[in-house]
Protein chains: 2
Amino acid sequence: MPRRPSFDRDALIEQARDLFWHRGWAGTSLKDLERELKLKPGSFYAAFGSKDALYALALERYAQDGVARLTGLANEIGPLETLKTQLQHVVDPTRETKACMLAKSYLELKAQNDELADHAGGLLKAMERCFADLFRHAQSEGQVDPSLDPDRLARRYQSDLMGLRVSAERDDVDAMELARDIADDLDRLHP
Amino acid sequence: MPRRPSFDRDALIEQARDLFWHRGWAGTSLKDLERELKLKPGSFYAAFGSKDALYALALERYAQDGVARLTGLANEIGPLETLKTQLQHVVDPTRETKACMLAKSYLELKAQNDELADHAGGLLKAMERCFADLFRHAQSEGQVDPSLDPDRLARRYQSDLMGLRVSAERDDVDAMELARDIADDLDRLHP
DNA sequence: GGGTTTATTGAGCGATCACTCAAGTATATA
DNA sequence: TATATACTTGAGTGATCGCTCAATAAACCC
C-alpha cells in the first residue's frame with residue numbers, strides 16, 4: 001500500500017558527507033543541504049531526523065570508507081606500502097578537500113556540540129586502531145622493527161597524517177614533498 | 001573635551017582571541033563576545049567595527065605572541081632547543097586550547113570566508129618563516145646538518161606541530177609522548 | 001478503479017544571527 | 001559651573017537559522 005521514497009538514501013549521505021567535509025558543520029546550512037540534495041525540508045526531516053543526525057551518518061560513512069580503503073589496499077600491496085601510499089593519496093591534487101573530516105569536525109565541534117565531537121573522536125580512535133593493525137602486520141612481515149610499539153607508531157602516524165592534510169589545504173605548501181618526507185621516515189622503521 | 005573610553009582595548013583583544021581560539025568563528029556569537037568582554041553592541045562596534053575585524057585582530061595578536069615567544073626563547077636556550085621546547089609547550093595540560101588557532105581558523109573559514117582564511121594563511125606562512133629562521137640559526141651553530149633545506153625542515157616541523165596540537169585536543173592520546181617522539185626526530189638532524 | 005498509506009511540498013514557526021542608532025550619560029575644557 | 005564632546009546603552013533591525021506541519025500527490029493492494 002505504501003508509496004516508496006524516490007531517492008537513494010546512501011547516495012544522499014555521500015553527497016552530504018562531501019558538503020559537510022568541505023564546508024564544515026556551521027558552514028553548511030539546511031538551505032545548502034536542501035539545494036544540493038534536492039530535498040524539501042519535510043523530506044529531509046522524514047529521511048534523517050535532524051542536521052546533526054545526518055552529520056553523524058556522514059562521519060560514519062567517511063570513516064567506514066577510509067577503513068575499507070586501507071584494508072583493501074593492504075591486501076594488494078602490503079601494510080607498510082599502504083601506509084606510504086595513503087600519504088600520497090590524501091595529497092592528491094584532484095581531491096576537493098584535503099583535511100581529514102574527522103579532525104575538522106572534532107576541532108570545530110569540541111567546544112559547542114559534545115555529542116558530535118565525541119562521535120568524531122571515537123571514529124578517530126577507530127582509524128588509529130586501523131593504523132596500529134597495519135603496523136602490527138608490517139612487523140609480522142619483517143617490514144618494521146618489532147621492538148617498536150605499534151600503538152605508538154599509529155598515534156605518530158595519525159598525527160603526521162593530520163598535519164600533512166592541514167598543510168595540503170594551503171596552496172603555498174608543497175604537500176607532495178611533505179608527504180615524501182613523512183614516507184621516508186616510515187622506511188627508517190625497517191629493522 | 002572628549003570623554004575617554006573606559007576599557008583596555010588590548011586586553012579585550014586578548015580576551016576575544018581566547019574566546020575565538022576556543023570556540024571558533026561560527027561558535028562565538030556577538031552575544032558571547034558582549035557577555036565576555038562586557039561590552040554593549042554599540043560599544044563593540046564603535047571599538048572594533050565588526051566581528052570579522054576583531055577576529056582579524058585576534059589572529060594577529062595570536063601570531064605576534066607566538067613569534068615573540070619563539071624569538072625570546074631562542075635568545076635564552078638556542079634555536080634547536082627552542083623548537084624542541086615549543087613541542088612540549090603546546091601540549092602543556094594547563095592550556096585551555098591546544099590546537100593552533102591559525103590552523104583551526106584556516107580550516108573553518110577556507111570554504112566560506114576567503115578574507116579571514118587568507119589572513120590566517122598569511123600568518124601561518126609567517127610562522128613558517130620564523131621556524132625556518134630557527135633552523136638556519138641552528139645550522140649556523142652546528143646543531144643541524146647544513147646540507148638540509150631549512151625551509152623544507154620548517155614546513156615539516158610546522159606540519160608535525162599542527163598534527164601534535166590536534167592530537168593534544170583529544171584526551172585519549174598521550175600528547176606528551178607524541179611530543180617526545182617528534183622532538184627525538186629533531187635530534188636526528190644533528191650532523 | 002477505489003481506498004489506503006505514505007512520500008512530497010512549501011509556507012511559515014520561534015529563535016538567533018550580526019548589526020544599527022537615537023537617546024542618555026559622563027568627562028574634559030573653558 | 002557651563003558646554004561641548006565623546007562614550008555608553010539597549011531596544012530593535014532584517015536576515016537567516018534549524019525545524020514543523022497541514023495540505024497535496026503518488027504509488028501500492030484489493
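Predicted model: local features only at pLDDT ≥ 70, side-chain atom pairs only at ≥ 80, totals over all residues.
# Notebook: helix packing and the A/B contact

Started with α5(A): its buried residues pack against α4 (51-77), α7 (114-140), α8 (150-167) and α9 (175-187) of chain A. I take packing from contacts, with two residues in contact if their C-beta atoms, placed from the backbone, lie within 7 Å. Helices are DSSP runs of H or I with at least four residues, strands are runs of E with at least two, and both are numbered from the N terminus.

Residues are numbered from 1 along each chain as its sequence is written, while chains are lettered from A and ligands numbered from 1 in the order in which they are written.

**α5(A).** I looked up which residues of this helix (79-89) are buried, and got P79(A), L80(A), T82(A), L83(A), Q86(A) and L87(A). They sit on the same side of α5(A), because they cover an arc of only 165° around the axis. That arc is taken over the directions from the helix axis to the C-beta atoms. My cut-offs for burial: buried with 20 or more other C-beta atoms within 10 Å of the residue's own, exposed with 12 or fewer, partly exposed in between, with C-beta atoms placed from the backbone.

**Chain A overall.** I count 9 helices and 0 strands. Of the 191 residues, 41% are buried. Among contacts with a separation of 6 or more, 64% join residues 24 or more positions apart. The C-alpha atoms fill a box of roughly 65 × 45 × 30 Å along the principal axes.

**α4(A).** This helix has 27 residues and runs 39 Å from first C-alpha to last, close to the expected 39 Å; the expected span is 1.5 Å times one less than the number of residues. Its buried residues include L54(A), Y55(A), L59(A), Y62(A) and A63(A). They pack against α1 (9-23), α3 (41-48), α5, α6 (101-109) and α7 of chain A. Just after the helix, G78(A) takes a positive phi of about 90°.

**Core.** Which residues touch the most other members of the largest nonpolar core? L102(A) and L102(B) do, in a core of 110 residues. A nonpolar core is a set of buried Ala, Val, Leu, Ile, Met, Phe, Trp, Tyr and Cys residues joined through C-beta atoms within 7 Å. Setting aside residues up to four places away in sequence, L102(A) touches L59(A), Y62(A), A63(A), A120(A), L123(A), L124(A) and M127(A).

**The two chains.** The contact takes 34 residues from each of chain B and chain A. On the side of chain B that touches chain A, α8(B) gives the largest share, 11 residues. I get 12 nonpolar, 8 polar and 14 charged there. Ala, Val, Leu, Ile, Met, Phe, Trp, Tyr, Cys and Pro count as nonpolar, Asp, Glu, Lys and Arg as charged, and the others, Gly among them, as polar. Chain B superposes on chain A by a 180° rotation with 0.0 Å of shift along its axis (RMSD 0.0 Å), which is the relation of a two-fold axis.

Note on methods. Least-squares fit on C-alpha atoms with pLDDT ≥ 70 in both.
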